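Subject: Structure for you to look at

Hello,

Here is the structure I said I would pass on. Please have it open while you read the notes below.

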Amino acid sequence: MTVTFPDLRLLLEEVEVCRVERLSSSFVRLELGSPALAELGVDGPWLDQRIKLVLPHGDGPVSS
């Protein structure tokens, strides 16, 4: 059996934290907002979304 996966596009955008909710001492829910997120998602039977957040250190910019 051969399984093929569609090409999923990479979205690299800055977003704004709209809301923060502390769910426990070690778990925080972040609500992110950006016009770029309007099209985020996949069509079809894909039940999993993976999002990687890159956070700046302190008040400084993100650097590589």
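A residue is called buried under 20% relative accessible area, exposed over 50%, and partly exposed in between (1.4 Å probe, protein chains only). At 37% relative accessibility, glutamate 31 therefore counts as partly exposed.

Before the rest, two notes on where the values come from. This is a predicted model, in which local features need pLDDT of at least 70 and side-chain atom pairs count only at pLDDT 80 or more, while totals for chains, interfaces and linings use all residues. Residues are numbered from 1 along each chain as its sequence is written, and side-chain values use heavy atoms, with hydrogens and water left out.

The chain as a whole

The chain has zero helices and two strands; these are DSSP runs numbered from the N terminus (helices H or I, at least four residues; strands E, at least two). Of its 64 residues, 2% count as buried. The accessible surface comes to about 6,600 Å², and 54% of that belongs to carbon and sulfur atoms. Accessible areas come from the Shrake-Rupley method with a 1.4 Å probe, and for residues only the protein chains shown count as cover.

Salt bridges

A salt bridge here is a side-chain nitrogen of Lys or Arg within 4 Å of a carboxyl oxygen of Asp or Glu. By this rule there are three, and Arg19, Glu21, Arg29 and Glu31 are linked in a network of them.

- Arginine 19 and glutamate 21 meet at 3.4 Å, N to O.
- Arginine 29 pairs with glutamate 21, with the closest N and O atoms 3.3 Å apart.
- Glutamate 31 pairs with arginine 19, with the closest N and O atoms 3.0 Å apart. This pair links distant parts of the chain, since glutamate 31 is in strand S2 and arginine 19 in strand S1, twelve residues apart.

The nonpolar patch

Which residues make the nonpolar surface patch? They are Val17, Val20, Val28, Leu30, Leu40, Ile51, Leu53 and Leu55, and the patch covers about 740 Å². Patches are made of residues with over 30% relative accessible area and no salt bridge; like charges are joined within 9 Å, and nonpolar side chains (Val, Leu, Ile, Met, Phe, Trp, Tyr) within 5 Å. Strand S1 (16–24) and strand S2 (27–33) each supply at least two residues of this patch. Valine 17 sits in strand S1 and is partly exposed, at 46% relative accessibility.

Regards
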